[in-house]
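Visitor: Could you walk me through this one? I'd like to start with the sheet and then look at some side chains.

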Amino acid sequence: MQNQHRISPGSTAGSGVLAEKQRQLGYVWGVAAPLACTMIDWPLRYWLGPASILMTYLLGVFLVASRYGRGASIVASLLSAPLFAFYFARPIFSVAIQDLENMIGLAVMIVVANVTGSLVEKSKLQAALARQREIRASALYRLSRDLAAAQDHDAVARIAVKHLQDEFGVASVLLNVDSENRLQTPSSLPLPAALKGIDLAEAQRTFENRTIKQENTIEYYPLQGSCAWQGILIIQATQPFPWQASERAAFLDTFCRLIAQTLERLQLAGQAREATLQAETEALRNALLSSISHDLRTPLTRIIGAASALIENDAELSIAERQDCNHIVLEEAQRMSELTGKLLDMARLSSGEIILHRDWNAIEEIVGSALNRLDKHLKDRPVRTLLPDNLPLLWIDAVLIEQVLLNLIENAIKYSPAGSPIDICGQAQDGYCRLTVADYGLGIARGQETQIFDKFYRGVAESDQGGVGLGLALCKAIIEAHGGVIQVSNRAGKGAEFVIRLPLREPPLVAEPEAGASVS
């Protein structure tokens with residue numbers, strides 16, 4: 001449907017030929033209408049008076065004026081006057097008119113023809129302008145709609161070329177500018193055959209001069225945004241462009257402005273993304289330095305103190321005191337090792353380098369393994385597990401899911417009173433395995449339910465508990481890598497509850513031994 005409204009030099013010429021044929025046909029009817037009125041009125045001249053006959057001619061002139069405009073109506077009125085005078089006005093068969101009433105009637109007919117023709121031409125012109133504006137508004141809407149969905153410069157180039165071909169019937173190419181203000185052809189869009197011989201040096205000079213340039217069938221349109229020049233649009237038509245087509249030039253200029261605004265929007269969006277990324281990187285760097293400096297200083301201080309005591313007071317220390325110093329060094333070294341491991345794991349997950357080693361696993365076995373590893377930290381703290389026997393197998397990486405449970409249980413140990421229980425529950429629900437780890441601490445502060453999973457974020461900034469704020473961020477990254485979701489909320493009067501939802505898959509079928517087969 002778009003091609004039916006193409007606006008091009010060829011279509012303009014075609015419409016001109018059609019208008020000329022219509023004008024000639026109008027003059028033919030301007031001659032034929034008075035002759036037809038004469039043939040109709042002649043047999044009725046004895047029953048119709050001169051006034052009635054004159055109204056018949058006036059009707060013919062009016063019909064010609066309403067259909068073909070002023071020129072044809074004037075021809076009809078000027079021909080109607082002598083015909084009426086010769087055949088119907090006294091004396092007949094003479095062009096002389098003696099009756100003043102007939103003379104006034106003829107004058108009125110000529111005036112009506114002129115006024116009616118002028119009004120018809122104006123109405124036709126206004127209708128044509130309205131149709132043209134509607135077509136152009138529709139074309140601009142389609143262009144702006146497609147440009148709004150463009151995500152990069154190559155997409156803008158493809159859209160611009162397509163719409164210029166559809167609306168104007170011309171080949172075109174959009175050249176973008178690089179950081180050094182040099183024109184570049186789009187990487188993913190081949191040049192049209194008609195534009196493969198374009199002079200890029202001339203295009204560069206035209207772009208630098210910031211002026212529209214025309215050379216026979218080629219036009220250069222520098223694209224100006226509100227803040228900077230965005231590139232140049234080169235158009236190749238099949239015939240020279242008419243300089244007098246001011247409306248076409250204005251329409252094409254609007255096209256170019258829409259394209260330039262889209263390129264500028266993409267440029268500003270890219271700058272905004274870079275600024276946001278730079279700010280986030282700076283914030284992460286500051287958080288990392290703050291967290292590491294805090295969590296490395298404490299173990300290093302204790303290690304240095306214990307090592308200094310062993311070196312300087314070796315002879316005075318008892319065996320038990322030496323063992324205490326050795327335990328301090330070991331514990332703090334393990335703490336630093338865990339911190340380093342979390343940083344490396346987070347880096348791998350953030351870069352997408354983590355590889356999931358999936359297999360079918362029972363969640364109760366993973367929970368049991370995590371509790372065994374944390375047996376020393378749990379001490380006499382009760383852990384209540386509610387895992388139904390009919391829980392389906394999960395297609396997961398058991399090592400990573402166990403790491404998630406370790407982080408959540410360690411978090412519960414840190415932020416709940418000593419001796420308070422920890423609840424671990426699981427159930428199949430709506431195509432997911434819902435696993436919860438809940439404590440009986442103070443819970444999560446209001447408004448921090450989402451931020452708590454951010455990198456280096458700690459719910460209590462000045463807490464005595466160690467950590468750099470990576471444990472929950474690791475949990476979120478691992479669960480999302482499995483296609484699941486992790487959330488946290490507060491239970492009324494109890495504490496925080498972390499909820500993990502892992503998608504369920506159809507477990508593999510276990511082949512049953514055939515009847516009569518021996519089992520060794």
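Visitor: How many bridges join strand 11 to strand 12, and do they run parallel or antiparallel?

Guide: In this predicted model, strand 11 and strand 12 run antiparallel and are joined by seven bridges; strands are DSSP runs of E of at least two residues, helices are runs of H or I of at least four, and both are numbered from the N terminus. Two strands count as paired if DSSP finds at least two bridges between them.

Visitor: And which residue is the bridge partner of N490?

Guide: That is A496, in strand 12.

Visitor: What order do the strands of the sheet come in?

Guide: The sheet is open, with five strands in the order 7-9-10-12-11 and mixed pairing. Strand 7 (383-386) and strand 11 (485-491) stand at the edges with a single partner strand each, so one side of each has no neighbour in the sheet. From one strand to the next, the twist averages 15 degrees.

Visitor: Which helices pack on it?

Guide: Helix 9 (residues 363-373) packs on the sheet and touches strand 7, strand 9 (422-429) and strand 10, with its direction at about 175 degrees to that of strand 7. Helix 12 also packs on the sheet, touching strand 11 and strand 12, and its direction makes about 135 degrees with that of strand 11. Contact here means heavy atoms within 4.5 Å, while the angles run from 0 to 180 degrees between N-to-C directions of axes fitted to C-alpha atoms, for helices over the stretch in contact.

Visitor: Switching to side chains, how many aromatic pairs are there?

Guide: There are two aromatic pairs, counting rings of Phe, Tyr and Trp (its six-membered ring) whose centres lie within 6.5 Å, with planes under 30 degrees apart called stacked, over 60 edge-to-face and the rest tilted. W360 and W395 have ring centres 5.2 Å apart and planes at 50 degrees, so this pair is tilted. W360 lies in strand 6 (residues 359-361) and W395 in strand 8 (residues 394-396), 35 residues apart.

Visitor: What about F453 and F498?

Guide: F453 and F498 form an edge-to-face pair, 6.2 Å centre to centre with 90 degrees between the planes. F453 is buried at 7% relative accessibility, and F498 is buried at 3%, where buried means under 20% relative accessible area, exposed over 50% and partly exposed in between (1.4 Å probe, protein chains only).

Terms used. Residues are numbered from 1 along each chain as its sequence is written. This is a predicted model: local features need pLDDT of at least 70, side-chain atom pairs count only at pLDDT 80 or more; totals for chains, interfaces and linings use all residues. Side-chain values use heavy atoms; hydrogens and water are left out.
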